[in-house]
Amino acid sequence: MSEFDLIRQHFTRATRHTHLGVGDDAALITPSANMELAISADMLVSGTHFFADADPYQLGWKSLAVNLSDMAAMGANPKWATLAIALPGVNQPWLTEFSRGFFACADAFKVDLIGGDTTRGPLTISVQIMGEVPTGTAIKRSGAGVGEEIWVSGQLGDAALALAHMQGNLALTEDAFTHCAKKLHAPQPRVTLGLALRDIANSAIDISDGLLADLGHILSQSNLGASIYIANIPHSEYLNIQLTSDLYHQKLSMLLAGGDDYELCFTAPTEKHAEIIHLSESLKLPLSCIGLTTNNAKLVVHGFDDEILDVKEAGFDHFR
């Protein structure tokens, strides 16, 4: 199979928002009037971001979903994506399942695949995502103010819990692993929430490298500090943190610094509290207030007894 046969068979689909998509030297798109383009890119590398034997359908879904999460954090409506993939060889069953997972995610969020590249090499997946946001309404990391509430969506730590199980660092029951593995392998980008937050949140970020690391980016770019409270951070029953447990510190690290959550962390004025609660109810998505921004330039973590924790690990960093 040639490179171009591979592209035609596995990665050419009808488009929704595109004048010219896969098959030419470049795609042709026209942004809607009074819109700005939001553009982001992410790379997944075998052995770094996923195991070599990862399920190809789940990998296809996740490779697009993690980029959609960036659009959600900006309050942008995702529309177009490109895919560049390096393959060790042509494995037809693997490609069939990978493309099926990728397009399942694309169809769920109405995204067009409009181009990209294929080459031979160590398995590497690079996706660029493009979306639209009304001019001047994008939610930026730099927009937080002093005394704003800090919120997170969903529950944190389950993806890190699944990874720890897969690495042999702890043992989960079958039911617990099934639940947590779904969070790790098939994240649900919070696009609908991001769109709804345009008129509510002053800053936002998606939690990909860990809560403390990603919240830290908001605080750094907004020149602020924060106080957050462990007791308020939402987590599942499987990440039940008990002070008497041998795994207390390990699970605490998963909650605060575990990656791959792909939930949103955002700040909003206190007067928006009731509106956010109503939004949570209407979306049927838990939204939890975990603390407040401050002007002391430090991120302070309060434990269950309101003691200040000495947290050394903030999140994942590719070059540490």
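1. Start with helix H9. Take Glu281 as an example. This residue sits in helix H9. Its relative accessibility is 54%, so Glu281 counts as exposed. Glu281 also gives a sense of distance across the model. From Gly101 it is 180 residues away in sequence, and the two C-alpha atoms lie 30 Å apart in space.

2. An α-helix has 3.6 residues a turn, so residues three or four places apart point the same way.

3. A word on confidence. This is a predicted model. The protein chain has a mean pLDDT of 89, and 91% of its residues reach 70 or more. Over residues 316-320, however, the pLDDT is below 50. Beyond near neighbours in sequence, that stretch makes four contacts in the model. Where pLDDT is low, the predicted coordinates should not be read in detail.

4. Next, the six-stranded sheet. This sheet is open, and its strands follow the order E8-E10-E7-E11-E9-E12. The pairing is mixed. Which strands stand at the edges? They are E8 (203-206) and E12 (299-302). Each has a single partner strand, so one side of each is left without a neighbour in the sheet. From one strand to the next, the twist averages 25°.

5. E8 and strand E10 (residues 264-268) run antiparallel and are joined by four bridges. Within this pair, Ile205 stands opposite Cys265 in E10. Helix H7 (residues 211-222) packs on the sheet. H7 touches E7 (149-153), E8, E9 (225-229), E10, E11 (287-294) and E12. The direction of H7 makes about 150° with that of E8.

6. Is E9 mostly covered or mostly open? E9 is mostly covered, with four of its five residues buried. On one hand, E9 pairs with E11 in the antiparallel sense, over four bridges. On the other, four bridges join E9 to E12, and these two run parallel. Ser227 shows both pairings. Its bridge partner in E11 is Leu292, while in E12 Ser227 stands opposite Val300. As background, strands of a sheet pair through backbone hydrogen bonds, either parallel or antiparallel.

7. There is also a four-stranded sheet. This one is open too, in the order E3-E6-E4-E5, and its pairing is mixed. E3 (35-45) and E5 (112-120) are the edge strands, each pairing on one side only. Neighbouring strands of this sheet are turned by 15° against each other on average, direction ignored. Inside the sheet, E4 (residues 77-87) and E6 (residues 124-134) run antiparallel, joined by nine bridges. There, Trp80 has Met130 in E6 as its bridge partner. Helix H3 (residues 92-108) lies across E4, E5 and E6, and runs at about 165° to E4.

8. Ser69 is found in helix H2 (residues 56-74). Is Ser69 buried or exposed? With a relative accessible area of 0%, Ser69 is buried. What does Ser69 touch, leaving aside its neighbours within four places in sequence? Its contacts are Pro189, Asp206, Tyr262 and Leu264.

9. Finally, the cysteines. How many disulfides does the model have? The count comes to zero. A disulfide needs two cysteine sulfur atoms within 2.5 Å. For Cys289, the closest cysteine sulfur is in Cys265, at 10 Å, so the two are too far apart for a bond. Cys289 has a relative accessibility of 23% and therefore counts as partly exposed. Cys180, at 0% relative accessibility, counts as buried.

How values were computed. Residues numbered from 1 in each chain as written. Predicted model: local features only at pLDDT ≥ 70, side-chain atom pairs only at ≥ 80, totals over all residues. Heavy atoms only, no water. Pairing = 2+ DSSP bridges. Axes fitted to C-alpha atoms, helices over the stretch in contact; angles between N-to-C directions. Contact = heavy atoms within 4.5 Å. Buried < 20%, exposed > 50% of the residue type's maximum accessible area, 1.4 Å probe, protein only. pLDDT = per-residue confidence, 0-100.
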